[in-house]
Amino acid sequence: MNNIGQVLSCAPGTIIVAVKNLETFEANKEKLQIGRYLQVAQGNSDFTIVTIQNVKGVALYNKHNELVWQFQIECQAVGTLVDNEKFERSSILLPVPTEPVYTAEKETLDKLFTGDSKYQFPLGKLSLNKDIDLPVDGDRFFSKHIAVVGSTGSGKSCTVAKILHDVVGIKDNKNQNLDEQNNSHIVIFDIHDEYSSAFTLIKDQSFTLNRLDIDTLSLPYWLMNSEELESMFIESNEQNSHNQVSQFKHAVVLNKQRHNPSIEEMTYDTPVYFSIEEVYNYIENMNREIIGRLDGEHKPKLKDGTLVEERKEFYFDQICDFVTPSQGKADKATNGPFNGEFNRFISRLETKLSDKRLRFLLDPKKQNGTEYKTEDFEEIMRQFLGYLNKANITLVDLSGIPFEVLSITVSLVSRLIFDFCFHYSKMQHANDSLNDVPVMIVCEEAHNYIPQKENAAYRSSRKSLERIAKEGRKYGLSLMVVSQRPSEVSETIFAQCNNFLALRLTNNADQVYVKKLFPDNSSGIADVLPNLAPGECVVVGDAVLLPAVIQMPLPSPEPKSQSVQVHQEWSELWREVTFADVISRWRNE
Ligand SMILES: Nc1ncnc2c1ncn2[C@@H]1O[C@H](COP(=O)(O)OP(=O)(O)OP(=O)(O)O)[C@@H](O)[C@H]1O
Ligand SMILES: [Mg+2]
């Protein structure tokens, strides 16, 4: 072992090591940089492992007028290597002065970071020593939630793609699981359509990517729960919004019963078909309703004299013609309870129903051109979990989804997956087993739809994902939350993350925020955040033995980077643009 000096003093938090002499220091310079590790003897076969925090040199003249250097290294203890074999992070025995100190060689570092056989999922190489891998405990890493943060361009998307490549078995553009596909299930919310390219291999590699975009996503409105329906159709700040809610709810439940007579206990949230057109008719009829007031009537009355005994028999199929209100003795009739109340509500419903961009939600059609009905629920669930085409990765491309329904889309998809995992787990629990098809949802650019600030527009997506953050783990559903503005993402979500990958962070508010999220013993390592290279990240959490700075390898294929080579493009000759094509796409022609 390579002895470099002795312990000079020791206190909880700092151990000072005196280096033997200038020659020793010069010979080991590289191994004595800040962040590197030393081992301090602790009896015969145990070592206290310390990390270097500060190196100080003093040069003084001796009595022969020669310059004499003295070096002191300030360190912090991180754990104990027991019997020179097993690293224990929790038990720290502090050494006493005069104990000999050695540099930590590869053999020791391997023990520090590799741990036992549980640590088998490879992440990257230690930045300080590129020969050493940092594997993480895969079960701990993926069973709980993971945060990936870093400023724009720091390498988040590449990091996520690399991790997922290792999960599904993609390496160097090849599908390593060609013959035996594994049981991994990942759903990615991709806001800029970056990931398609990272999971598209040439045909003979037979890697199936389940890619859902606005044209292929089947997300019928009738799967929305009460909250999602209301955030879609009702303006909560309108004066009579409670009437809108109660009548809409009533109409939806009645209509669900109408189309699903076999279900006995129908609720507003039961995921079965109802017709939004019919509900629209119902509300429109409530808005026009006139009540006959002759003796024995007191029921809604149509022009032809028919009395409406049961609204649900009349109001769903068409817009009815009512009698005119009158005070006359022979034709006395007055406005119904909601007459004229719903004008704005109805015009909003009309606008939404005729909006072509919302067809994927409000009028989705099967391949044969028919509507999705209750019995298609299974197919819809299979679609989200990659079970239609047996795909490990399902990519929900949010780039074409209109802004105003982004939150609903994310909310609906993630809630359906949560509910599926919940019910599947409960079934498994009944047989004394756990969810054996665990799922991970990756939220790219999470600040866009799970913001920290209370914002009505994102209430539903925030609620669905916060619920997964709080309860998902128990049902085999975990999250990977990716953001360039961690301080703007819901705190509830980050507080539930057990492992962090922090890439370069330049914004001060974000650095401070991320530091606070790190576990106690690792806040020191956060000081390097502003200085990291692309793809270099700090890994902390319960899946690693020691917090470490690592360099992630680049994935291949890479996600499609959004960065344009501006100067290179500007240096080219003048380029013509077909404006008509752009405008046509814009108008969705
Ligand atoms: N591990 C890596 N090694 C070397 N270069 C990398 C690595 N990861 C990323 N890069 C470089 O950084 C560029 C940006 O990476 P990436 O798109 O992953 O960043 P990002 O953090 O997702 O950015 P944004 O916030 O804009 O989405 C890549 O095009 C690549 O050239
Ligand atoms: Mg990115």
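Predicted model: local features only at pLDDT ≥ 70, side-chain atom pairs only at ≥ 80, totals over all residues.
Lys and Arg count as positive and Asp and Glu as negative, while His and the chain ends are not counted, and the place of a charge is taken as NZ of Lys, CZ of Arg, CG of Asp or CD of Glu.

Figure 1. Residues are numbered from 1 along each chain as its sequence is written, chains are lettered from A and ligands numbered from 1 in the order in which they are written, and side-chain values use heavy atoms, with hydrogens and water left out. The chain carries 62 positive and 81 negative charges, whose mean positions lie 3 Å apart.

**Figure 2. Helix H13 and its packing partners.** The chain comprises 17 helices and 22 strands (DSSP runs numbered from the N terminus, helices being H or I with at least four residues and strands E with at least two). Helix H13, residues 459-471, has 13 residues and reaches 18 Å from its first C-alpha to its last, close to the 18 Å expected at 1.5 Å a residue (the expected span being 1.5 Å times one less than the number of residues). Its buried residues include Arg462, Leu465, Glu466 and Ile468 (buried means under 20% relative accessible area, exposed over 50%, and partly exposed in between, with a 1.4 Å probe and protein chains only). The buried residues of H13 pack against strands S10 (145-149), S18 (439-443) and S19 (477-483) and against helices H5 (226-233), H12 (406-430) and H14 (491-495), contact meaning heavy atoms within 4.5 Å.

**Figure 3. Helix H2 and the glycine that follows.** In helix H2, residues 106-114, the buried residues are Thr108, Leu109, Lys111, Leu112 and Phe113. Glycine 115 follows H2 and has a positive phi, near 60°.

**Figure 4. Surroundings of leucine 546.** Leucine 546 is found in the loop between strand S21 (536-541) and strand S22 (548-551), and it counts as buried because its relative accessibility is 3%. Not counting residues up to four places away in sequence, leucine 546 touches Tyr37, Val78, Phe87, Arg89, Leu112, Phe113 and Val539; Leu112 and Phe113 are among the buried residues of H2.
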